[in-house]
Amino acid sequence: MQNTNGSGTTQQATSQPKQERSRRTKAQILQVAAEIFAEQGYPTVTLQAVAERASMTKGAVYFHYANKQALAIAVMEGHYARWPPLVEQVQAMELPPLQTLLAILDRTAEAFHTDSIVQAGARLQIERSLIGADLPQPYVGWSKLLVGFIAAAKEAGQLRAETDPETLARVVVSSFFGVQHISDVLTGRDDFMERYAEMRDVLFKGFVVA
C-alpha cells in the first residue's frame, strides 16, 4: 500500500507541472491570436501565423484549438469575461451612483486602450458574420447595465429629472463604441483616451446636476 500511495503522489506531482505548462501554452496562443485578430481582422489570420508569432509549431496550436473559428470564439469569450470582474471591483468601492457609472466607463476605456483581447473582441464583433458561430449579442448587455446606474444616479438627484435612462444608456454605448472604432481606424487607438474623455464630458455635461 505504501508503494502504491507513493507512486500515486509522484504521478500527481508530475501531472501538475504538465497541466500548468499546458495552461500557459494555451493562454499564450490566445494572447498572440488576439494581437493578430486586432491588427488584421478575422479573414486574413491563419493558425500558421499564430504559431509563428508564438514561436510554436502549428501542431501545438492545433492541439489546443481545432481551427481559426475556435480560436476566435475563445478570444470573444475572453473579451466578455473581462467585464463582470471590472464591474464588481468598481461596485466594491461603494461610490455614489454617478461616480460608479463613470468609473466603470473609465476602466472600460482603459481596457480598450491597452488590452489586446478586448481590442480583438471589438473587431471580431464587427466581423461576426464572417466567423460563422453563435456569438453573444454585442452592445445590448452594456446598455442594460448602464440603464441601472443611470436610473440610480437620477434617483439620487445626480442627474436632471428629465433624464431618460434607457435613451442616455443607448447614446453612451453607441458613442463609446463609435469613438473606439474611429480611434482604432485612424490612430490605432493612440488617441483613444483623449477622444473618450471628450465624449464622456460632452455627453454628461447636459445631464449632471450642478
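Guide: We take a cavity, a pocket and a helix in turn. This is a predicted model, where local features need pLDDT of at least 70, side-chain atom pairs count only at pLDDT 80 or more, and totals for chains, interfaces and linings use all residues. Residues are numbered from 1 along each chain as its sequence is written, and side-chain values use heavy atoms, without hydrogens and water.

Visitor: What lines the largest cavity?

Guide: Rolling a probe the size of a water molecule over the atoms shows where empty space is left. On a 1 Å grid over the protein atoms alone, a cavity is a set of points where a 1.4 Å probe fits but cannot get out, and a pocket is an open set with protein on both sides within 12 Å along at least five of seven lines; lining residues have an atom within 4 Å of a point. Here the largest cavity is lined by Leu105, Thr108, Trp142, Leu146, Val172, Val173, Phe176 and Phe177. α6 (97-114), α9 (140-155) and α10 (165-187) each give two or more residues to this lining.

Visitor: Which residues line the largest pocket?

Guide: They are Tyr80, Trp83, Pro84, Val87, Gln137, Pro138, Tyr139, Val140, Gly141, Trp142 and Leu145. α9 supplies the largest share, four residues.

Visitor: Which residues of α4 are buried?

Guide: Buried means under 20% relative accessible area, with a 1.4 Å probe and protein chains only. In α4 these are Lys68, Leu71, Ala72, Ala74, Val75, Met76, Gly78 and His79. At the start of α4, a side-chain oxygen of Asn67 lies within 3.2 Å of the backbone nitrogen of Gln69.

Notes. Buried means under 20% relative accessible area, exposed over 50%, partly exposed in between (1.4 Å probe, protein chains only). A polar contact is a pair of N or O atoms within 3.5 Å; within protein, one must be able to donate a hydrogen and the other to accept it, and residues adjacent in sequence count only if both atoms are side-chain atoms.
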